[in-house]
Amino acid sequence: MNRFFRPAFALCALLSLSGPLTAPLAAEVETASLGGGEEERVTEVAGCVLTAKAVCPGIDLRHRNLRGLSLAGADLHGANLMRADLRHADLRGADLSGAILDGADLRTAFLQGTRLSGARLRGANLEFARANGADLRQADLTAANLEALRADKADLTGANLEGANLQEAKLSLTNLSQANLEGAKIRFAIFQDALMTDCRSCPTDW
C-alpha cells in the first residue's frame, strides 16, 4: 500500500468500527489534512456552527480555513482569526470589533458594513476586498496589504496604516481623521473627498 494513503486508510477503518460520528467529531474530521493536502474548510468549532448571523464572540479560529464561508451578520467580536484563510468570505455586517486578524488572508472578502473597530490586522492581506462603509476606527493595519481595496465611505478614524500598501485602493468619502499613514504606499490610490483632519502623512493636497 502506498505509504501516503496509509493514514487515510487507517482513519477510515477506525471510523467504520466506531459507528456514526458525533457532530463535534465530524467537524474535526472535516478539517483533517490527509496525505499532506490542504486543510479543508471548517464549519463548526467548539460547538459553534459558523454560519450567517452566528453568535461566537471570542472564538479561536487561528489558522482555520474559512474560505468562501458565509458569516454575514455574525457576532465574532474579540475572536482570534490570526492567519485564518478568509478569502472570498462573506463578512458583510459582521461584528469583528476587537478581533485579532494578524496575517489573515482576506483577499476578495466581502466586508461591506463590517465592524472592525479596534481590530488588529497587522500584515493582513485585504487585496481586492470590498469594505465600503466598514467601521475600522482605531484598527491596527500596520504593514497590511490593502492594494486595490474598495473602501469608499469607510471610517478609518484613528486607524494605524503605517507601512501599509494602499496602491490603487479606492477610499472616496472615507474618514481618515487622526489616522497614521507614515510609510504607506499610496501610488494610484483614490482619496476623493476623504476627510483627513489631523491625519499623519495623509496626502492632503490630493
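Here are a few exercises on this predicted model, each with a worked solution.

**Exercise 1. Where is confidence lowest in the protein, and where is it highest?**

Start with the overall picture: the mean pLDDT of the protein is 87, and 81% of its residues reach 70 or more. Now go to the elements. Helix H2 (residues 23–30) has the lowest confidence, with a mean of 41. Strand E2 (residues 48–49) has the highest, at 96. Next, look at residues 1–37, where the pLDDT is below 50. In the model, this stretch has 21 contacts beyond near neighbours in sequence.

**Exercise 2. Which residues touch the most other members of the largest nonpolar core?**

First, get the core's size: it has 60 residues. Then pick out the ones that touch the most other members: Leu50, Leu101, Leu106, Leu121, Leu176 and Leu181. Now zoom in on Leu101. Skip its neighbours within four places in sequence, and you'll find contacts with Leu81, Met82, Leu86, Leu106, Leu116, Ala119, Arg120, Leu121 and Ala124. As background, nonpolar side chains tend to be buried together in soluble globular proteins.

**Exercise 3. Is each partner in the salt bridge between aspartate 90 and arginine 92 buried or partly exposed?**

Begin with the pair itself: the two side chains meet at 2.8 Å, N to O. Take aspartate 90 next. Its relative accessible area is 13%, and buried means under 20%, so aspartate 90 is buried. Arginine 92 comes in at 43%, so this residue counts as partly exposed.

**Exercise 4. How many residues apart in sequence are the parts tied together by aspartate 140 and arginine 122?**

Step one is the bridge: the side chains of aspartate 140 and arginine 122 meet at 2.7 Å, N to O. Step two is location. Both residues lie in the segment after E2, and the pair ties together parts that are 18 residues apart in sequence.

**Exercise 5. How many salt bridges does a search of the whole structure find?**

The search turns up 10. Arginine 62 is partly exposed at 42%, and aspartate 60 is partly exposed at 36%. Finally, look for a network: salt bridges link Arg67, Asp85, Arg87, Asp105 and Arg107.

How values were computed. Residues are numbered from 1 along each chain as its sequence is written. This is a predicted model: local features need pLDDT of at least 70, side-chain atom pairs count only at pLDDT 80 or more; totals for chains, interfaces and linings use all residues. Side-chain values use heavy atoms; hydrogens and water are left out. pLDDT is the predictor's confidence in each residue, from 0 to 100. Helices (H or I, at least four residues) and strands (E, at least two) are DSSP runs, numbered from the N terminus. Contact means heavy atoms within 4.5 Å. A nonpolar core is a set of buried Ala, Val, Leu, Ile, Met, Phe, Trp, Tyr and Cys residues joined through side-chain atoms within 4.5 Å. Buried means under 20% relative accessible area, exposed over 50%, partly exposed in between (1.4 Å probe, protein chains only). A salt bridge is a side-chain nitrogen of Lys or Arg within 4 Å of a carboxyl oxygen of Asp or Glu.
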